[in-house]
Every structure is written in C-alpha cells, then in structure tokens.
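Subject: Handing over the structure

Dear colleague,

I am passing on the structure below, and after it I set out what was found, so that you can follow along in the model.

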Amino acid sequence: MGRRNAALQRSVTVIDELMEEQYSIVEFRERPEWEEWFLLSTARGKRPHDFAATAERPVSDITKCPFEEPRNEQNSLLVLRDAQGEWQVAAIRNIYPAVNDQPFVKSQNGIYPVMAGTGNHEVVVLRDHTTKLADLAPENIQLLFQALIARHTSLQENSALRFISLFENYGARAGASLTHPHCQIIAIPIVPDHIRHRLNAMRQYFMAHQECSICAIIRAEQETKTRIVAENDRFIVLCPFASRIPFELIIYPKHHTPHFTASMAEDIAAVADMVKTALHKLDVALNDPDYNMLINLLPIHTDDEGSDYFHWSISILPKTAIWAGFELETDIDINTINPDDAATALRAAQ
Ligand SMILES: [Zn+2]
Ligand SMILES: [Zn+2]
C-alpha cells in the first residue's frame, strides 16, 4: 500500500469512528404517558437502510382465498360500499375465533384462577386481494375506519365486554396467516394488565401536571420538530422519543380526543390520510416491511370515563427485530436506531 493510500485509509477509519461515536447512544428512555422504559442502544452503528426488508412478499392463491366474497356469507356483520355502490369493506365473524359468545363466568382450577373466554373475534376485509393498505385509495381507508368505528360501537352494547382490540397484522412475521388485506377485532371481558397500568400512568400524569400526557408530548414534539414524520391539520405522525423498536410510529389526533368512536367525517378523512402517509413512507424506507398496526383505545364499561387524561392513538410497529430472551424476561424492548434518525429517513421517503 502506498503512503497516500495508507493516509486515505486512516482518514476513512477516523470518519467511521466519528460516525460510530455520533450514533452511539446507550440509555434507557421512558414513555412518560405509560411509565414504561425502553432501551435505546445504537452502539452497533446501524444506519436506516440496514433495517430494510429483504424477503420477497408472497401472494396467496386467490382461488383459495376465503375473503373474496365475504359479504355473501351468513357471517357478514357489515358491508360498506363506495360511491359507485361497489362493496369495499366487509366485517365478518372470524371462522376460527380466539374467543366466543359463551356466558362469562370466573372459576378456580385447583390453585389456578380461570375465566370463560367470552368475547367476539371479527375480521374486517378489504376488497382487493393484493392492494395493501399503503396503496389503498384514501376513500377506502376512510371506509375501513368507518367500519372499525361502527363495529366498536356495536360491540360496546355487550355489557360483558371490557376491552376491544383493533389491529392489523401485515405479513407472516407480524402474525398474518392470510395475505389478503384485512384488520381484526378481538373483544374480551377483561382489561389487560398492561392497559390498566398505562391508564393509571396517564391518570397520574394528569393529576400531577393538570394536563393530558399526550397533549404535552405533542406540544414538546412540535417545538423540537426532530421526530415529526408527517402532519395535517388534525393528526400528527411521530417517531416516539422512547421508541420501543426501530421505526416505531405513533399517530395522534392533535387536539385532545379521548374517544375514537366520536370521530367525525373530517377526522376520519384526516386520520386515513396520515395512516396512508405513514404506511407509504415505511414501505419506501424499509422496502415493504411486515408490521403490526394497533389502535390504542380506552376500555369499555368501566367506572372511569377517562375523558380528561386519555388521548387515543395508533401505533405502527414494523417487524424489524424479533423478541428474544432479554425482551421476554424484562418486557424491555431494545431499539437499535435513534428515533431522530428514523424520523429523518421517513420524512425523506416519498
Ligand atoms: Zn383474497
Ligand atoms: Zn390529550
């Protein structure tokens, strides 16, 4: 190696080390609204493109797809049509439900407490076999949100239920068993422990600060702007300061809004716009990754209304990492990219 090459090599190494240093954050970060800690550890010096999906996305055989004519089945709960009268979204009962409509009873099996698996398990099917949410027409994403609100409202009539989970699993790594685009609704008779913990944390924050924790987060993020990925007049998309996983996204109504089901037509149009934008940016930046999308809502039929301290949201969690022993043991996810850098990469993705 010539002297000139050796010098060049040295300076490249120095730049690499500087980059490495700049990216090396190792700290626990808290979500103040949830009182939950996550570990940010970027010491491995990963760059945004290192998280891109590499596997080919399979498409299942349309002739064997159970979602092609869901509105004809007796399982059909709701059908929404576009302006031309064509069905675009249909809610149906899951033919392999995780919970069912048995009476709710609590009992004891030896030393083990037991409860009946009472509840509802529904699927909200989008019409086209291959068009993923990120590529769906905005009107059809609005219809999807209308369907989710209508089903949530209808399920609330069952006084045995306490929590309604609305989510999309996209891709096999995110738990989807069918490739045809769909969301799921699982309504259960208990409030999950970690939801109870988060609600307590949000209530405590409100009592300590006389302000909703999410409203405070939105204001803080609008001041720094570094983690804002997109926004319109009603909703904002952020990479949370304490992101639990790489490229986590959260979508909030900008104004204090406790109840998702109270959304007006303008809210539905605005949230559909931000969901499409967020999913499209992930698609471009991470090469169509698998993800879970969760709508974070209040429990139902509880004494506590939550109107002052609760603020609904949508979490989008791309499957860029798998849970391993540490995460399973501690419930602490390890995020390997600075959310500021994730937000920069997503803002740039068009
Ligand atoms: Zn299909
Ligand atoms: Zn709020």
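In which loop is aspartate 331 found? Aspartate 331 sits in the loop between α6 (325–330) and β15 (334–335), where helices (H or I, at least four residues) and strands (E, at least two) are DSSP runs numbered from the N terminus. Its phi is near 65 degrees, a positive value in a residue other than glycine. With 13 C-beta neighbours inside 10 Å, aspartate 331 counts as partly exposed; a residue is called buried if 20 or more other C-beta atoms lie within 10 Å of its own, exposed if 12 or fewer, and partly exposed in between, with the C-beta atoms placed from the backbone.

Before the rest, some notes on conventions. This is a predicted model, in which local features need pLDDT of at least 70 and side-chain atom pairs count only at pLDDT 80 or more, while totals for chains, interfaces and linings use all residues. Residues are numbered from 1 along each chain as its sequence is written, and chains are lettered from A and ligands numbered from 1 in the order in which they are written.

The chain as a whole

The chain holds seven helices and 15 strands. The C-alpha trace spans about 80 × 55 × 50 Å along its principal axes, and 36% of the 350 residues count as buried. If one takes contacts between residues at least 6 apart in sequence, 71% of them join residues at least 24 apart, a contact being two residues whose C-beta atoms, placed from the backbone, lie within 7 Å.

The open sheet

Strands of a sheet pair through backbone hydrogen bonds, either parallel or antiparallel. Here ten strands form an open sheet in the order β3-β4-β7-β9-β8-β13-β14-β12-β11-β10, with antiparallel pairing; two strands pair if DSSP finds at least two bridges between them. β3 (76–81) and β10 stand at the edges with a single partner strand each, so one side of each is left without a neighbour in the sheet. From one strand to the next, the twist averages 20 degrees, where angles run from 0 to 180 degrees between N-to-C directions and axes are lines fitted to C-alpha atoms, for helices over the stretch in contact.

β1 (26–31) and β2 (36–41) have glutamate 35 in the loop between them. The two strands run antiparallel and are joined by six bridges, and glutamate 27 stands opposite leucine 40 in β2. Of the six residues of β1, the number buried is zero, so β1 lies largely in the open. The hairpin has four residues between its strands, and in it glutamate 35 takes a positive phi near 50 degrees, although glutamate 35 is not a glycine. Glutamate 35 counts as partly exposed, with 15 C-beta neighbours inside 10 Å.

Helices and a buried tryptophan

Helix α2 (residues 138–155) and helix α5 (residues 265–286) pack at an angle of about 115 degrees, their axes lying 9 Å apart. The residues that make this contact include Ile141 and Phe145 of α2 and Ile268 and Val271 of α5.

In helix α7 (residues 339–348), the buried residues are Pro339, Asp341, Ala342, Ala343, Ala345 and Leu346, and what covers them includes β10 and α5.

Tryptophan 312, in the loop between β13 (291–296) and β14 (313–318), is buried, with 21 other C-beta atoms within 10 Å. Not counting residues up to four places away in sequence, tryptophan 312 touches residues including Pro253, His259 and Phe260. Tryptophan 312 and leucine 166 are 146 residues apart in sequence and 12 Å apart in space, C-alpha to C-alpha.

With best wishes
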